[in-house]
Amino acid sequence: MAFSRASGILLHPTSLPGQFGIGDLGEQAYRFVDFLVEAKQQLWQILPLGPTGHGNSPYMCYSAMAGNPLLINLEWLVEMGLLTAEDLAAAPSFESARVEYDRVIPFKLNLLKRATLRFKSAATEAHKKEFLEFCQAEKDWLDDYALFMAIKDTYSGASWSQWDAPLARREPDAIVQARTDLAETIFLHQFMQFEFCRQWFNLKAYANERGVQIMGDMPIYVAHDSAEVWAFPENFKVDPDSLAPAEMAGVPPDYFSETGQLWGNPTYNWETLKETHFDWWVKRVKVTLEYVDLIRIDHFRGFEAYWAVSQGETTALNGHWVEAPGEALFQEIEARLGQLPFLAEDLGVITPEVEALRDKFDFPGMKILQFGFGSDHRNPYLPHNINRNFVIYTGTHDNDTTVGWFNQASDYEKGRLAAYAGGLSPESVHWTMIRLAMTSVANQAVVPLQDFLGLGSEARMNTPGLAGGNWEWRFTGPVLSETLKEQLRQLTELTGRAPGQWD
């Protein structure tokens, strides 16, 4: 579906400031919503909210439906009587400009365990009733997830394919026994999901009531080491003997990599999914729409055809294209859930067939301005070649910041940008690019907060292919200033992206 003209900011909650080592769903998140409202922004784009695993990537989570407990705000737990001021006063000193995951994870999980014990012993009847109602309402995914995480804890975090066979293969007697033996740990993971959802839904309601929509990100694939693959291996290409992915997802060799990208996720068993009328996918989308208002589908082209790499390969070089039933899938989801508030991440190797699938359902595509200046006037990422049903970005979480990109751009690219913009000052290149995005005809314009702040490569969120140092950036101090707010508000109104301008 096409969307009305609007603009917004890309910022994952982990990048918010705060004293406990990682951004969370507390007061700073509400202040960010206030900034969006006062600057006339209508969109807050985030990355996937799931519980992150090895590498801390929100695109490789232990569940496609659960939330990340690290985002739970601890001060709210003090207000509820589940933690004390003394508990928080004992917090270590964390870096403010990046997330130190190796220190944050044990610190927060220890306090969340403490809060869970106090909840069990001292929660009000109303609070306990709310918890039980949550567990019942979300049991379709929560039961498997909580058990999965509880078993994983007993195996010191090992992947489910390395567990003892009765548990890895979900033999009924072993599962029944595990639910009994691990009841306390299961309760911990249920409670953390309850509290995450309570805090997130309150924040989302606050944003929605003020005219801000949450644009979420849904990866096309799920991690092999996830509750979904463990609980429903029949939906995925999993080797029945080794339990490893029998067929892995990735992308073929291209300009950026001579060997392509091998992600390691199992591809889908689309035949089985079609036989079940895509029930698992419908459930996934339904749950995701509880968390967000709009869904950006990552790697959209994989719904038309995907790059499949056989088990045992160490690069994506020897993969092959396999047709996917994207049209049938989206028709089924639309029939059961209504018109789809999807946006398509249609970057990469895009064919006419991929564009036809996107356009059949009227999904907006994506355009990245940083890609626009390496060739001539026919470049599809230049504003004059973009139509309305797109969302335009200066860059995304996978790109360098605009300042970082410009500093490393070729002389040709810099010259093209200067000529296109009618002049250029290196000190304000970020605002030049922001203005190009905002003045374009694309219905939606989204800019990473790093670009509004004019930050360099040190503020990059992710470098694809780099194993460490990603997903750590946080902003600090009073950077959401009155000056920035007013500058953004004026540009938003000037370009017709403010609320109510087209009513």
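This is a predicted model: local features need pLDDT of at least 70, side-chain atom pairs count only at pLDDT 80 or more; totals for chains, interfaces and linings use all residues.

Reader: Which helix is Arg435 in?
Author: Arg435 is in helix H17, which covers residues 429-439.

Reader: And what does Arg435 touch, if we skip residues up to four places away in sequence?
Author: With those left out, Arg435 touches Leu491 and Leu494.

Reader: How far is Arg435 from Glu234 in space?
Author: The C-alpha atoms of Arg435 and Glu234 are 48 Å apart, and the two residues are 201 apart in sequence. Another pair to look at is Gln177 and Glu355: they are 178 residues apart along the chain, with 50 Å between their C-alpha atoms.

Reader: Where does Gln177 sit?
Author: Gln177 is found in helix H8, residues 172-181. With a relative accessible area of 43%, Gln177 is partly exposed.

Reader: Let's zoom out. How many helices and strands are there in the protein chain?
Author: The protein chain has 19 helices and twelve strands.

Reader: What radius of gyration does the chain have, next to that of a compact globule?
Author: The protein chain has 23 Å, which agrees with the value near 23 Å for a compact globule of 503 residues. Along the principal axes, its C-alpha atoms fill a box of roughly 70 × 55 × 40 Å.

Reader: What share of the residues counts as buried?
Author: 57% of the 503 residues do. As for contacts with a separation of 6 or more, 74% are between residues 24 or more positions apart.

Reader: Nice. Which residues touch the most other members in the largest nonpolar core?
Author: That core has 160 residues, and the ones touching the most other members are Trp44, Tyr268, Trp270, Trp281, Phe303 and Phe330. Helix H9, residues 183-209, supplies the largest share of this core, with twelve residues. In soluble globular proteins, nonpolar side chains tend to be buried together.

Reader: What is Trp281 in contact with, leaving aside neighbours within four places in sequence?
Author: Trp281 is in contact with Met218, Ile220, Tyr268, Trp270, Leu273, Phe303 and Leu329.

Reader: Switching to lysines: where is Lys237?
Author: Lys237 lies in the loop between helix H10 (227-231) and strand S4 (247-251). Lys237 is partly exposed, with a relative accessible area of 29%. Not counting residues up to four places away in sequence, its contacts include Pro245, Glu247, Tyr268 and Tyr306. Lys237 and Gln311 are 74 residues apart in sequence, with their C-alpha atoms 9.9 Å apart.

Reader: Last topic, backbone angles. What is phi of Ser156 near?
Author: Phi of Ser156 is near 55°, a positive value in a residue other than glycine. Ser156 is in the loop between helix H6 (139-154) and helix H7 (165-168).

Reader: Is Ser156 buried or exposed?
Author: Ser156 is exposed, because its relative accessible area is 72%, over the 50% cut-off. Asp362 also belongs in this topic, as its phi is near 60°, a positive value in a residue other than glycine. Asp362 lies in the loop between helix H14 (352-360) and strand S10 (365-368), and at 35% relative accessibility Asp362 counts as partly exposed.

Reader: Great, thanks for the tour!

Notes:
Residues are numbered from 1 along each chain as its sequence is written. Side-chain values use heavy atoms; hydrogens and water are left out. Helices (H or I, at least four residues) and strands (E, at least two) are DSSP runs, numbered from the N terminus. The radius of gyration is taken over C-alpha atoms; the globule rule is 2.2 Å times the number of residues to the power 0.38. Buried means under 20% relative accessible area, exposed over 50%, partly exposed in between (1.4 Å probe, protein chains only). Contact means heavy atoms within 4.5 Å. A nonpolar core is a set of buried Ala, Val, Leu, Ile, Met, Phe, Trp, Tyr and Cys residues joined through side-chain atoms within 4.5 Å.
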